[in-house]
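Me: Could you take me through this structure? I would like the conventions stated as you go.

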Amino acid sequence: MALCGACTVHIDGRRDTFLQHPASTASAKSQVTTIEAIGAKPVGAKIQKAWLDREVVQCGYCQSGQIMSASALLASNRIRPKPTSTMP
């Protein structure tokens, strides 16, 4: 059901879950980024560093989905490109 997000990937820069959309549904030309490669991207590296700096780490099961989702959000955020950690 992809509820935990552990299968979250980026397909052509968009967040997706492979449990809901198998790899076979992606085009042969699609760029697929997994948690193993997200740290090589500027936004992904910042998210991973923030995760460690803020000691967000829990059991680890859903961590990859959270990091991938946050990375996709920040990479595509046009309305507020520099969000703060404070809530309105």
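Me: Before anything else, what kind of model is it, and how are residues numbered?
Reply: It is a predicted model, in which local features need pLDDT of at least 70, side-chain atom pairs count only at pLDDT 80 or more, and totals for chains, interfaces and linings use all residues. Residues are numbered from 1 along each chain as its sequence is written, and side-chain values use heavy atoms, with hydrogens and water left out.

Me: Which secondary structure does the protein chain have?
Reply: The protein chain has three helices and three strands, in the sequence pattern β-β-β-α-α-α. Helices (H or I, at least four residues) and strands (E, at least two) are DSSP runs, numbered from the N terminus.

Me: How many bridges join E1 and E2?
Reply: Strand E1 (residues 8-11) pairs with E2 over four bridges. Ile-11 stands opposite Arg-14 in E2.

Me: Which of its residues are buried?
Reply: The buried residues of H3 are Gln-63, Ser-64, Gly-65, Ile-67, Met-68, Ser-71 and Ala-72. Buried means under 20% relative accessible area, exposed over 50%, and partly exposed in between (1.4 Å probe, protein chains only). The buried residues of H3 pack against E1, E2, E3, helix H1 (35-38) and helix H2 (42-53).

Me: Gln-63 is a polar name on that list; why does it count as buried?
Reply: Gln-63 counts as buried because its relative accessible area is 8%. Leaving aside neighbours within four places in sequence, Gln-63 is in contact with Trp-51, Val-56, Val-57 and Gln-58.

Me: And for the chain as a whole, what share is buried?
Reply: Buried residues make up 27% of the 88 residues in the protein chain. Of the contacts with a separation of 6 or more, 42% are between residues 24 or more positions apart.

Definitions and conventions:
Two strands pair if DSSP finds at least two bridges between them. Contact means heavy atoms within 4.5 Å.
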